[in-house]
Amino acid sequence: MAATALSTSNVVLGLEAQTVASSRSKFLGGNELFTRKLVTVVGPQERVQRAAGDSRCRLSAADVPVNSSSGDRAGDGQSVRRGISACAAAAVAAEVVEEPNPMAGWLAGRRGGDDEDEEDDGDMLREECGVVGIFGDSEASRLAYLALHAMQHRGQEGAGIVTCDERSLHSVTGMGLVSEVFDQSKLTQLPGSSAVGHVRYATAGESVLKNVQPFVAGYRFGSVGVAHNGNLVNYNELRTMLEEDGSIFNTSSDTEVVLHLIAISKARPFIARLVDACQQLEGAYSMVFLTEDKLVAVRDPYGFRPLVMGRRRNGAVVFASETCALDLIEAEYEREINPGEVVVVDKEGVSSLCLMPQRQRKACIFEHIYFALPNSVVFGLSVYQSRYKFGEILATEAPVECDVVIAVPDSGVVAALGYAAKAGVPFQQGLIRSHYVGRTFIEPSQKIRDFGVKLKLAPVRPVLAGKRVVVVDDSIVRGTTSSKIVRLIKEAGATEVHLRIASPPILGSCYYGVDTPSKEELISYRLNVEDTRQFVGADSLAFLPLEKLRDMLGAEAPTFCDACFTGNYPVPPRDLSKDAAEKEIAHKVLVDGLVDTYNGSNSTTNTNNSSSSCRKPVAPAGVP
């Protein structure tokens with residue numbers, strides 16, 4: 001999706017020589033795709049240097065109206081403009097050089113328990129986090145509250161909002177849902193026309209109040225608040241370095257290292273400190289920062305996690321993890337924040353810098369499979385249309401004689417609609433999800449089998465009894481929940497249950513902001529399709545073939561991260577011992593073999609059931 005020019009921009013940041021002239025690759029970019037070598041800004045007299053290493057950026061000089069700046073910004077704006085133009089004039093076809101992709105180890109510190117409800121909760125991928133930033137609206141705190149409510153699906157453990165009234169930052173955080181943390185009295189404690197907010201599911205750090213974001217810290221030149229979606233793979237290394245130099249940490253969250261790196265940076269002004277800190281980070285981060293006079297949005301060079309920009313009718317600028325947040329607060333979507341980009345909003349307008357080396361984008365494909373809401377546009381693609389197509393592919397690649405198609409709500413619904421339309425079979429609600437299940441519940445003294453699943457999902461017997469049922473779900477993680485769902489449907493009278501999974505088999509853990517079990521807990525890592533089918537008790541089982549997923553993405557396929565399916569990690573974790581690294585190399589060899597096996601044999605059917613024969617599906621129906 002083409003980037004929209006920022007109409008209110010009146011200034012581009014000029015940086016002091018010491019802040020930008022470093023050995024790291026930095027660049028100001030353009031909408032045109034071109035090779036960017038090294039841009040060095042040297043105070044009032046800028047020069048453009050070229051050095052080894054290709055990068056990309058999609059910002060043009062025409063998109064950044066310039067005048068000279070004052071205050072904490074150093075440098076002459078017109079000279080920066082000339083520097084950008086010089087880069088654009090030297091544009092050539094980009095050649096993206098990817099880093100080696102050794103297989104990395106699985107995430108440590110996995111939470112878990114023996115209780116059935118904890119087991120069921122562990123049998124799914126958790127929804128990372130969601131962030132929002134608002135600048136220029138007198139009701140910033142209330143708008144942030146609504147935006148977080150729209151993104152509640154991305155995290156339910158805690159929520160927080162930080163606002164600024166031009167003199168100081170104000171913070172309210174708490175454990176629980178957005179509606180549980182905030183009420184009218186809490187929102188009145190958050191004055192100001194700018195805000196950042198966060199909903200949390202812990203992918204790094206314990207689930208305790210002190211880890212709930214946004215974090216706020218004071219340093220020599222002021223205060224800063226930060227909300228972060230993602231996961232830093234070199235967190236332990238950075239924290240050890242900072243602690244050896246005397247830093248004291250208050251939380252176990254990887255986000256806190258960013259604040260420490262900003263505080264110890266020798267660069268000036270704040271934006272230069274921020275860029276200096278981000279250049280030391282490895283992994284996934286889409287972040288929003290709030291100071292006394294600025295709102296800043298930053299996205300990592302690979303663009304793992306989504307971050308979009310919108311604008312309200314009154315001119316207020318909004319950043320959010322998903323477009324569904326923009327829709328609720330009536331902000332018009334403008335564009336994505338580009339990988340490696342830093343966008344600064346203040347009273348003078350919107351400024352965009354691309355000062356971090358940009359790799360080939362590696363956007364998380366699971367945003368389209370599971371995390372994002374269907375009404376969101378993520379990475380420039382409609383989530384609804386992606387999931388609908390996943391279902392159509394499954395119907396084509398793994399058809400089966402059936403009487404009804406149902407979904408495991410909620411994330412399996414759209415894929416099930418696509419499957420049903422393509423197969424010419426009715427879609428019905430065979431499972432009803434309870435949206436009122438609390439965090440804890442009291443079970444009767446006489447134990448109820450599959451109590452956790454039954455509490456959340458209720459079968460509709462008239463839909464299922466005596467029917468051959470296709471059940472569409474988004475993924476299988478450990479397999480325990482899938483087996484209980486299959487049993488639940490059969491107990492409701494279904495004669496056959498055919499499980500269709502709208503994603504490829506998950507073979508590895510994620511390091512980039514998704515809470516996944518260790519690979520040894522992943523059923524597809526341990527078992528092939530037939531063994532998995534037997535474990536879950538389905539009459540047949542099929543996954544979305546990886547090669548068909550890539551075919552659907554077309555030319556965009558290389559720009560998505562599918563490491564959880566392949567073991568090819570764009571950014572290998574740094575926090576691995578030699579023994580662990582050697583073990584992971586052996587694991588990578590095994591995963592490659594599993595990928596080949598799944599691609600060659602994607603669907604299995606219980607051959608003892610002769611009525612489970614496959615047939616060619618009917619002509620496709622269009623996406624509603």
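Trainee: How many of the eleven residues of helix 13 are buried?
Mentor: In this predicted model, eight of the eleven residues of helix 13, which spans 413–423, are buried, so the helix is largely enclosed by the rest of the structure.

Trainee: Which ones are they, and what covers them?
Mentor: The buried residues of helix 13 are Val-414, Ala-415, Ala-416, Gly-418, Tyr-419, Ala-420, Lys-422 and Ala-423, and their cover includes helix 12 (383–397), strand 19 (404–407), strand 22 (468–473) and strand 23 (496–501).

Trainee: What follows helix 13?
Mentor: Gly-424 follows helix 13, and the phi of this glycine is positive, near 70°.

Trainee: Switching to the open sheet, in what order do its six strands come?
Mentor: The order is 7-8-9-10-14-15, with antiparallel pairing; strand 7 (215–219) and strand 15 (349–353) are at the edges, and because each has a single partner strand, one side of each is left without a neighbour in the sheet. From one strand to the next, the twist averages 20°.

Trainee: How many bridges join strand 7 to strand 8?
Mentor: Five bridges join strand 7 to the antiparallel strand 8, residues 222–232, and Tyr-219 stands opposite Gly-222 of strand 8.

Trainee: Which helix lies across those strands?
Mentor: Helix 9 (residues 270–278) lies across strands 7, 8, 9, 10, 14 and 15, running at about 20° to strand 10.

Note on methods:
Residues are numbered from 1 along each chain as its sequence is written. This is a predicted model: local features need pLDDT of at least 70, side-chain atom pairs count only at pLDDT 80 or more; totals for chains, interfaces and linings use all residues. Side-chain values use heavy atoms; hydrogens and water are left out. Two strands pair if DSSP finds at least two bridges between them. Helices (H or I, at least four residues) and strands (E, at least two) are DSSP runs, numbered from the N terminus. Axes are lines fitted to C-alpha atoms, for helices over the stretch in contact, and angles run from 0 to 180 degrees between N-to-C directions. Contact means heavy atoms within 4.5 Å. Buried means under 20% relative accessible area, exposed over 50%, partly exposed in between (1.4 Å probe, protein chains only).
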